[in-house]
Amino acid sequence: MTLRFASRLDNVETSAIRELFKLLGKPGIISFAGGFPDAAMFDVDGVQQAANAALKEEPGAALQYGATEGYQPFREQIASFMAGKGVQNLAPEQLITTTGSQQALDLLGKTMISPGDKVIVEGPTFLATIQCFRLYGAEVISAPIDEHGVITEELERLIAQHKPKLVYLVPTFGNPSGALLSLERRKQVLEMAVRHQTLVVEDDPYGDLYFDAPPPPSMLALSHSVPGSREYLAHCGSMSKVLSPGLRLGWLIAPAELLAKCVMCKQFSDAHTSTFAQATAAQYLKAGRMPATLARVRTTYAARSKAMGDALRSHLGDAVRFVQPQGGMFIWVQLTGANGQEKDGNALAKRAIEQGVAFVPGTPFFAQNPDPSTLRLSFATADIPKIEEGMARLAKAF
Ligand code: PMP
């Protein structure tokens with residue numbers, strides 16, 4: 001029998017990363033490939049207490065079907081969490097709970113993209129977003145970035161040229177770039193959104209994971225200072241990188257009309273996000289455990305990021321170039337080819353596996369014009385001795 005699959009699948013390939021992950025089962029591999037947070041950082045006691053409280057105080061609601069928009073106590077906690085990050089006047093009704101921020105991206109794709117529409121993303125960007133938007137038939141266009149995030153002059157040129165349905169950015173400690181969009185550029189993007197009447201999607205799962213100093217306010221927080229910009233801004237948040245990705249909790253803040261359409265689509269998709277997960281997270285936030293957890297994760301990742309940067313410099317010297325990240329989970333590395341050294345991330349990835357170390361080559365993260373001399377290293381999951389050993393192995397792979 002030959003199944004006749006939907007033509008929308010013609011536009012997408014299975015991810016190169018998935019293929020690579022198959023090799024990671026090899027014993028003894030040190031992996032910098034994943035995008036996972038470190039499971040050792042999970043506040044298991046805190047989540048257990050929160051789950052118990054949810055079952056004790058609100059069992060009927062926590063185990064029952066719920067509203068598509070989200071469980072109200074969770075939405076209230078998120079609204080006050082966002083207020084703590086400078087987002088003014090956010091009513092719980094202005095956000096919906098999503099099943100991970102990944103679902104928010106899917107809902108935005110579903111509500112905004114018709115086949116043949118153009119969207120602009122950063123080159124490089126989060127791979128699943130490229131795939132998701134392509135599944136809805138989008139032509140995905142890449143805007144170049146530098147260490148301060150997307151280059152706004154280029155972005156505006158591309159917006160004027162392509163008139164995209166939306167612009168998708170990960171402005172704070174991007175995946176995979178680690179880049180941090182400067183305050184000035186954040187304001188410029190908001191002004192651009194208004195000028196060109198184009199939806200900008202700010203995906204912000206990493207903003208809380210800063211090391212020495214907080215990043216500039218999110219574009220959502222800045223939007224009150226750019227008149228009209230809130231009407232063209234969607235913001236995706238996530239509990240995944242700090243509390244737990246397994247809970248599958250994210251949220252979407254968007255203009256009312258768009259949010260209503262997302263709710264409609266979500267209704268037909270998963271009806272609502274797990275009420276038990278939402279009630280648990282709401283209890284967790286209410287108990288006030290988040291600040292301590294955040295502090296612990298920030299300190300650990302900061303030390304690992306520094307250790308990885310130091311080890312890269314000492315083991316690989318001028319064979320690599322990178323910007324030391326100020327937060328997030330990733331170092332984005334450029335192979336320089338200095339002294340005839342390997343310059344192809346894909347070739348290096350294969351040899352690295354033979355040496356017992358894994359990372360993701362950079363090419364899949366580009367929607368257009370892939371740069372084969374790039375790679376992404378995650379410093380989140382390996383401890384410092386493993387990071388040092390891993391970098392020594394990487395040097396051998398060269
Ligand atoms: N956006 C970005 C930029 C990400 O890196 C990730 C996780 N890798 C997600 C969204 C999805 O996260 P989740 O669905 O777990 O909230």
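In what order do the 8 strands of the open sheet stand? The order is β2-β9-β8-β7-β6-β3-β4-β5, and the pairing is mixed. Two strands count as paired if DSSP finds at least two bridges between them. Strands (E, at least two residues) and helices (H or I, at least four residues) are DSSP runs, numbered from the N terminus. The edges of the sheet are β2 (95–99) and β5 (149–150), each with a single partner strand, so one side of each is left without a neighbour in the sheet.

The model is predicted: local features need pLDDT of at least 70 and side-chain atom pairs count only at pLDDT 80 or more, while totals for chains, interfaces and linings use all residues. Residues are numbered from 1 along each chain as its sequence is written.

Strand β2 is joined to β9 (residues 249–253) by 5 bridges, and the two run antiparallel. Within this pairing, L95 has I253 as its bridge partner, and T99 stands opposite L249.

Is β9 enclosed or open to the outside? Of its 5 residues, 5 are buried, so β9 is largely enclosed by the rest of the structure. Here a residue is buried if 20 or more other C-beta atoms lie within 10 Å of its own, exposed if 12 or fewer, and partly exposed in between, with C-beta atoms placed from the backbone. In a regular strand the side chains alternate between the two faces of the sheet. Both faces of β9 are covered, with L249, W251 and I253 buried on one side and G250 and L252 buried on the other. Helix α10 (residues 256–269) lies across β2, β8 (233–238) and β9, and runs at about 35° to β2. That angle is taken between N-to-C directions, from 0 to 180 degrees, using axes fitted to C-alpha atoms, for helices over the stretch in contact.

Further along the sheet is β6 (residues 166–169), which is also covered on both faces: L166 and Y168 are buried on one side, V167 and L169 on the other. Strand β6 runs parallel to β3 (residues 118–123), to which 3 bridges join it, and parallel to β7 (residues 199–203), to which 4 bridges join it. Y168 takes part in both pairings: it is the bridge partner of V121 and stands opposite V201 in β7. Together, β6, helix α8 (residues 183–196) and β7 make a right-handed β-α-β unit. Right-handed means that, with the strands pointing away from the viewer, the path from the first strand over the helix to the second runs clockwise.

The chain can also be read by domains. Domain 1 covers 7–43 + 292–396 and domain 2 covers 44–286; the bounds come from an automatic or database domain assignment. Their C-alpha centres lie 25 Å apart. Between them, 33 residues of domain 1 are in contact with 35 residues of domain 2, contact meaning C-beta atoms, placed from the backbone, within 7 Å. On the side of domain 1 that touches domain 2, α12 (290–316) and β11 (330–335) each supply at least two residues. The largest share, 7 residues, comes from α12.

E354 counts as exposed because it has 11 C-beta neighbours inside 10 Å. Its C-alpha atom is separated by 9.1 Å from that of I29, 325 residues apart along the chain.

Conventions: Contact = placed C-beta atoms within 7 Å.
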